[in-house]
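Dear colleague,

I am passing on the structure below, together with some notes on what came out of going through it. Please read the notes with the structure open beside you.

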Amino acid sequence: MKLAQKDLAIIAILAILTLLSHIPFVNVPTLGDESIVLLQSHAILENKFNPNLGEYYNTGLGIDLGHPPLFYWIVALFLSIFGQYLWAAKLPIIIFSMIGVVYTFLLGKEIYNKKTGIMAAILVLFSQLYFVQSSMIYLEIPLTALGIMTLYYYYKNKLVAYSISASLLVLIKETGLLIIAAIFLYEIIKNIKQPKILIKNLVKLSLPVFIFAAWTLYHKLFIGSGILTRPTSSITDTMLKFMARIKYLFFDEFRFILTTILVFSVIKIKNIIIQKKRLIIFLLGSVIISALILNLKKIIELIYPLLNTSKPILELTSQISSYIPFIILFSVFIILLIIYHKNINAQELKLNLNPLTIAIIITILIFSVSHYFLLRYFLPIIPLIYLIYARSINLNFKKTWPIIILILIVLPAVPAQQETKLYVIESNMDYLNTIKIQKQAASYLEENYKDNVILTSHPMLIQLRYPLLGHVTNPLNVIEIGHYKDNSLIKEFQTIFDYYHYKFFLKKEIKENDVTLYDNIYKSTLEDSFDIFYYSPQSLMTEEVKQELIKEYNLKLIIRFEENGNSAEIYSR
């Protein structure tokens, strides 16, 4: 069925709004690992679009991270069409961001109604994580856009469109399979009593699984490694990470307001006020639970010797102080739902038992168990969460919803003290300060020390070496801190970039089986190999290593750049 003119007008407005919101950031230099994504795309372009980049790439540590090649091909194609400019590499991200916002509207309209779709699309566009990532060269925005598109065509029962979007989804990143898994689980729940229909539907929906399996087999046979796997966490870490994931998704950045609205869409406020006995029980229960949580550490320490409580629980309680407000609020919501369980809107719950909810649950569980996690990994489920939130806003604020949406956009945008760690900062707008400081430091080095050897670490190493990343206009002579510390991970990581640099920039041939490549490139000792030391806390280098270097080589601070918790320091010998 064709879209109505009003719907097309809404789509056009959302697309233009997304475009205008992100055009100002197309020439913002790269931050962190987006440099690696861009360099892999450039390497694939130089390799005539062949994703097999050579032995030194395919370790799962450096340029080839084991991800499917689709997004790298797309960026390489844009670089080949428009030239090797930073804005050309960021243009596909903005296009995918537009697709994600538009299909959020379409999916909301399909599952709920048009108003819900509009609200969800606006909330997604202006959510911090989505907004920031929409101008950064990572896989998560394309993954999100194609995930929403896949769910939309699944709901529309358009098998061809679903198969295409779902196949593209799993060729962006392996975690796209979580959306496919959610759809499969929903089919199982829906058709568990009709096995013939269930099997038929699963077979029809399975093309992306075979596509991904084919890519994995190709990668294993011709490139030499399978998909990149991550270690799992201990029980204590898993419990802490589960709390952290729930806290971020449903309580941080003022989302506790949306969670509260969601709870009251399941249990109407009138029902809570009218039933006075239950209200008293709820209030007393909330006070008692809050008091217990506030004193949880002391209670556990008191009863631990008596009951021989398991050590993981004792360790857990010693680490949850920062989660206390979240735990209290979360517990109050649970008590509310238990006491007023008879007043729960069963129809609303049934409506929300869908692939969206299943995908959210699967993703939270997977990334609670996984040892390695970055906030951007949650991006594919952000629109799904906002769709459910938008539904609850529509139910509770039918006439005043624009005011609620405006408040929810403005509040997270209020300047606040943000974490400045390298892989946390890419989830909020303060990343611009980090880039500003690192760009100032890079410009200073290029202006004053272009003929000197500079010692630094990731990501500044590649920022100073490759002008394509937007930090320098000409390559500087840089070595990495791995030369100082015999760290095999850093050493192998650096070897890959050395190989990339020599093959695709200096156009020198190096034997791929040369295991001494690392030492052949830098034969001199560290004592003779660097003149300038460049440090930033927003890097992989630790403060301890910095202090060791300063002491061992009697380094003197030349200049320090600093703003809003971000800094960069340049030392000379």
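**What was found**

Among the contacts in the chain (heavy atoms within 4.5 Å) that join residues at least 6 apart in sequence, 77% link residues at least 24 apart. Please bear in mind that this is a predicted model, in which local features need pLDDT of at least 70 and side-chain atom pairs count only at pLDDT 80 or more, whereas totals for chains, interfaces and linings use all residues. Residues are numbered from 1 along each chain as its sequence is written, and side-chain values use heavy atoms, with hydrogens and water left out.

The secondary structure comes to 28 helices and 5 strands, these being DSSP runs numbered from the N terminus (H or I of at least four residues for helices, E of at least two for strands). Of the 573 residues, 54% count as buried, where buried means under 20% relative accessible area, exposed over 50%, and partly exposed in between (1.4 Å probe, protein chains only). The accessible surface of the chain is about 26400 Å², with 65% of that belonging to carbon and sulfur atoms; accessible areas come from the Shrake-Rupley method with a 1.4 Å probe, and for residues only the protein chains shown count as cover.

Salt bridges

The whole structure holds 14 salt bridges, each defined as a side-chain nitrogen of Lys or Arg within 4 Å of a carboxyl oxygen of Asp or Glu. One of them pairs Lys109 with Asp7 (3.4 Å, N to O); because Lys109 belongs to helix H4 (residues 86–111) and Asp7 to helix H1 (residues 5–22), the pair ties together parts that are 102 residues apart in sequence. Asp7 also meets Lys114 in a salt bridge (3.0 Å, N to O), and since Lys114 lies in helix H5 (residues 114–126), this pair ties together parts 107 residues apart in sequence. Asp7 is buried at 3% relative accessible area, while Lys109 at 28% and Lys114 at 31% count as partly exposed.

Elsewhere, Arg560 and Glu569 form a salt bridge whose closest N and O atoms are 2.2 Å apart. Salt bridges with shared partners join Glu543, Lys546, Arg560, Glu562 and Glu569 into one network.

A buried serine and a surface patch

Ser134, in the loop between helix H6 (128–133) and helix H7 (140–155), is buried with a relative accessible area of 0%. Its side chain makes a polar contact with the side chain of Ser97 (2.8 Å), a polar contact being a pair of N or O atoms within 3.5 Å, where within protein one must be able to donate a hydrogen and the other to accept it, and residues adjacent in sequence count only if both atoms are side-chain atoms.

Finally, Phe49, Trp73, Leu77, Ile81, Phe82, Tyr85 and Trp87 make a nonpolar surface patch of about 650 Å², to which helix H3 (residues 70–82) gives the most, with 4 residues. Patches are made of residues with over 30% relative accessible area and no salt bridge, with like charges joined within 9 Å and nonpolar side chains (Val, Leu, Ile, Met, Phe, Trp, Tyr) within 5 Å.

With best regards
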